[in-house]
Amino acid sequence: MRSIKKEYEQTGQQKSRRQLFLAGLVMAFAIALHNFPEGMVIGASYASDVVSGGIGSLAIAIVIGLHNVPEGMSVAVPLAAGGMKKVRATLITAVTGAPTILGAIVGYLLGALSPVWLAVSLSFASGAMLYVVFGELLPESILMWRSKAPAFAMLAGLLVGLLILYI
């Protein structure tokens with residue numbers, strides 16, 4: 001009886017580790033897709049600074065860079081907990097940031113063409129972000145919490161963000 005229980009526990013642990021590993025891979029793919037429009041925002045803001053002479057693009061790059069720290073952790077932790085070596089999990093996490101660079105190049109090139117293309121690249125990037133938040137994250141969080149609390153938290157965060165912008 002005791003060996004059956006041990007075997008069952010080991011099988012459960014292996015299954016849990018495999019689920020964590022798969023969750024880490026899914027997060028890596030999702031974050032990589034999410035990073036392309038972020039990069040477009042950075043590139044388009046640098047193109048905008050070339051036209052306007054401002055320094056806002058550096059602030060945007062810093063804020064997005066700081067924002068990517070917890071995203072990287074959400075990729076690396078499940079991979080490492082799922083059994084992947086820490087160095088490899090870190091490398092995969094770094095690779096998920098590569099689309100940011102590609103997006104920045106595309107955003108800059110489009111934004112430098114003309115003010116119309118600058119607007120197009122910023123619109124694409126913001127539309128992609130809005131889709132991720134309102135089309136994927138918010139409905140998923142409402143189902144997960146089985147309440148409207150995530151929607152209220154999102155609205156509170158939006159209001160705080162607006163206050164920060166205008167104060």
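This is a predicted model: local features need pLDDT of at least 70, side-chain atom pairs count only at pLDDT 80 or more; totals for chains, interfaces and linings use all residues.

Modeller: A helix here is a DSSP run of H or I with at least four residues, a strand is a run of E with at least two, and both are numbered from the N terminus.

Biologist: Is Leu137 buried or exposed, and why?

Modeller: Leu137 counts as exposed, because its relative accessibility is 52% and the cut-off for exposed is over 50%.

Biologist: How far is Leu137 from Pro150 in space?

Modeller: From C-alpha to C-alpha the separation is 9.6 Å, while along the sequence Leu137 and Pro150 are 13 residues apart.

Biologist: Stepping back, what secondary structure does the chain have?

Modeller: The protein chain has six helices and zero strands, so that, in the notation for elements from the N terminus on, the order reads α-α-α-α-α-α. Buried residues account for 25% of the 167 residues, and of the contacts between residues at least 6 apart in sequence, 68% join residues at least 24 apart.

Biologist: Now the pockets: how much space lies in the largest pocket?

Modeller: The largest pocket holds about 1,300 Å³, and its lining is made up of 31 residues, with His34, His67, Met129, Leu130 and Val133 lying nearest the centre.

Biologist: Which helix gives the most to that lining, and what is the lining like by class?

Modeller: Helix 5 gives the most, with ten residues, and helix 1 (2-52), helix 2 (56-81), helix 5 (115-145) and helix 6 (149-166) each supply at least two. By class, the lining divides into 22 nonpolar, five polar and four charged residues.

Biologist: What is Ile31 in contact with, leaving aside its neighbours within four places in sequence?

Modeller: With those neighbours left aside, Ile31 is in contact with Glu71, Ser74, Val75 and Thr96.

Biologist: At what angle do helix 4 and helix 5 pack?

Modeller: Helix 4, which covers residues 98-113, packs with helix 5 at an angle of about 145°, and the two axes are 5 Å apart. On the helix 4 side the contact involves Gly107, Leu110, Gly111 and Leu113, which meet Trp117, Leu118 and Ser121 in helix 5. The residues of this contact comprise four nonpolar, three polar and no charged.

Biologist: One last thing, the backbone at Arg146: what is its phi?

Modeller: Phi of Arg146 is near 55°, which is a positive value in a residue other than glycine. In general, most residues other than glycine have a negative phi. Arg146 sits in the loop between helix 5 and helix 6, and it is classed as exposed because its relative accessible area is 73%, with the cut-off at over 50%.

Methods:
Residues are numbered from 1 along each chain as its sequence is written. Side-chain values use heavy atoms; hydrogens and water are left out. On a 1 Å grid over the protein atoms alone, a cavity is a set of points where a 1.4 Å probe fits but cannot get out, and a pocket is an open set with protein on both sides within 12 Å along at least five of seven lines; lining residues have an atom within 4 Å of a point. Grid points are joined across faces, edges and corners, and a volume is the space filled by probe spheres set on the points. Ala, Val, Leu, Ile, Met, Phe, Trp, Tyr, Cys and Pro count as nonpolar, Asp, Glu, Lys and Arg as charged, and the others, Gly among them, as polar. Contact means heavy atoms within 4.5 Å. Axes are lines fitted to C-alpha atoms, for helices over the stretch in contact, and angles run from 0 to 180 degrees between N-to-C directions. Buried means under 20% relative accessible area, exposed over 50%, partly exposed in between (1.4 Å probe, protein chains only).
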